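Please keep the sequence and the 3D view at hand.

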Amino acid sequence: MDFMEKTSVSVAIIYDFIHGNKSVIASEYGLIFAHNIIENILKKVRYIEFRLQFFFDLIFSTLNNFIQPCVNIFIIAILGKNVVLSNMSLGTFVLIITFYNIFQLGLNTFQNIADILFHTNGAIDNINDFLHSKALQELQNIKQTPIEYFYKMDSVSLTLNEIVILRNTSLTLKYGGHYALVGLSGLGKSTLVKLLISFQKSDTGVIHFMNDFNDVSKISVLKNIAWFSQDTDIFNLSLKDNIFLGDEYNEQEYIELKELLHFAPLECRNLGSSGCNISGGQKQLVGLARFLHQIKKKDYYFIDEGFISLDEYTKQYFLEITQNAIKGKTGICITHDNSVFQALCNSVLVYNKCTTISLHNKIPNMELKQYYRE
């Protein structure tokens with residue numbers, strides 16, 4: 001039962017992850033990897049399902065359909081009579097009833113398993129539908145040249161639930177920049193990021209990536225972007241699979257990452273659905289390792305509060321590693337942390353209260369909070 005529950009949860013998490021169009025589909029191997037993992041889970045579930053169904057039909061249906069009425073008659077006709085005639089104590093009667101209810105509970109457990117199997121198979125069907133959906137098939141290939149900029153926004157506006165997120169914004173981010181995205185909490189920075197990576201469509205205007213041929217609403221931007229977030233998606237898979245996510249496996253790179261991030265305690269176990277078998281700090285380590293792998297093959301990155309909730313020593317160690325990894329790359333770091341800003345960024349994107357974005361050059365010795373009001 002515990003295995004079935006964990007399997008169901010794992011499939012649901014994988015479905016949510018893929019359906020959200022996150023980084024698992026950001027490489028040419030990602031879809032194949034996800035599909036293979038799902039098929040392996042499905043085989044295990046159906047293997048167990050067949051035996052449970054056979055066992056249930058052969059034994060427990062017989063027990064339920066034949067013995068249960070007999071037990072009911074026995075309890076009513078014999079035990080009840082003995083209690084009435086004082087040949088049996090009330091305590092003994094209650095004990096027998098209790099064991100009978102436990103027996104019934106065992107039968108009901110199989111119904112719960114059947115419900116879980118139904119949920120799992122439903123999730124898998126949804127995944128297969130998504131993997132073969134026209135939305136993915138119709139995405140255009142990214143034209144890698146010429147590289148004219150990082151992003152260009154032309155008259156972009158967006159309103160969600162009657163709240164203005166962006167108002168007629170035009171902005172060009174140069175190639176080679178390391179941008180800090182800052183602004184007051186709750187204004188819509190996360191939505192802005194969704195616009196840039198095509199998770200959200202604007203009401204008006206257009207956003208281009210790299211050059212005027214790449215409209216972000218028609219391409220999979222994340223194929224070219226390495227991603228590191230405080231909310232790292234961890235699957236009930238090995239450390240290696242959680243890092244590479246179906247990408248071509250490189251033994252030497254894996255060894256280097258293990259040594260760099262001290263992964264020895266995690267190597268011989270599955271990390272659990274949503275990382276339930278590891279700590280919060282270890283989840284961020286896995287997320288950083290995944291980012292370091294991706295950034296080797298990609299020229300662009302997004303870091304979304306990747307260093308939050310870390311102790312100062314660990315944060316500085318992470319920052320040093322990340323600083324070396326992003327040299328020569330282009331990207332955006334969402335942060336409110338001055339030490340992160342000073343270590344990684346050379347420009348500031350301020351998301352203003354008036355729902356526009358302003359670009360500022362980094363001024364030496366000026367703290368991040370001075371670029372905007374908290």
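In this predicted model, strand 6 (residues 300–304) and strand 7 (residues 330–334) run parallel and are joined by five bridges. Strands (E, at least two residues) and helices (H or I, at least four) are DSSP runs, numbered from the N terminus. Two strands count as paired if DSSP finds at least two bridges between them. Aspartate 304 has isoleucine 334 of strand 7 as its bridge partner.

**Basis of the values**
- Residue numbers start from 1 along each chain as its sequence is written, and side-chain values use heavy atoms, with hydrogens and water left out.
- Because the model is predicted, local features need pLDDT of at least 70 and side-chain atom pairs count only at pLDDT 80 or more, while totals for chains, interfaces and linings use all residues.

- The open sheet has six strands in the order 5-6-7-3-8-9, with mixed pairing.
- Strand 5 (225–229) and strand 9 (357–361) are the edge strands, each pairing on one side only.
- From one strand to the next, the twist averages 20°; angles run from 0 to 180 degrees between N-to-C directions, with axes as lines fitted to C-alpha atoms (for helices, over the stretch in contact).
- Strand 8 and strand 9 run antiparallel and are joined by five bridges.
- Valine 348 stands opposite histidine 360 in strand 9.
- The hairpin of strand 8 and strand 9 has five residues between the strands, and threonine 355 takes a positive phi near 60°.

**Serine 229**
- Serine 229 lies in strand 5.
- Serine 229 counts as buried because its relative accessibility is 8%; buried means under 20% relative accessible area, exposed over 50%, and partly exposed in between (1.4 Å probe, protein chains only).
- A polar atom of the serine 229 side chain lies 3.1 Å from the backbone nitrogen of aspartate 231.
- Beyond its neighbours within four places in sequence, serine 229 is in contact with Asp304 and Gly306.

**Confidence**
- The pLDDT (the predictor's confidence in each residue, from 0 to 100) averages 77 over the protein, and 62% of the residues score at least 70.
- Among the elements, helix 1 (residues 2–19) has the lowest mean pLDDT (52) and strand 4 (residues 204–209) the highest (96).

Key: A polar contact is a pair of N or O atoms within 3.5 Å; within protein, one must be able to donate a hydrogen and the other to accept it, and residues adjacent in sequence count only if both atoms are side-chain atoms. Contact means heavy atoms within 4.5 Å.
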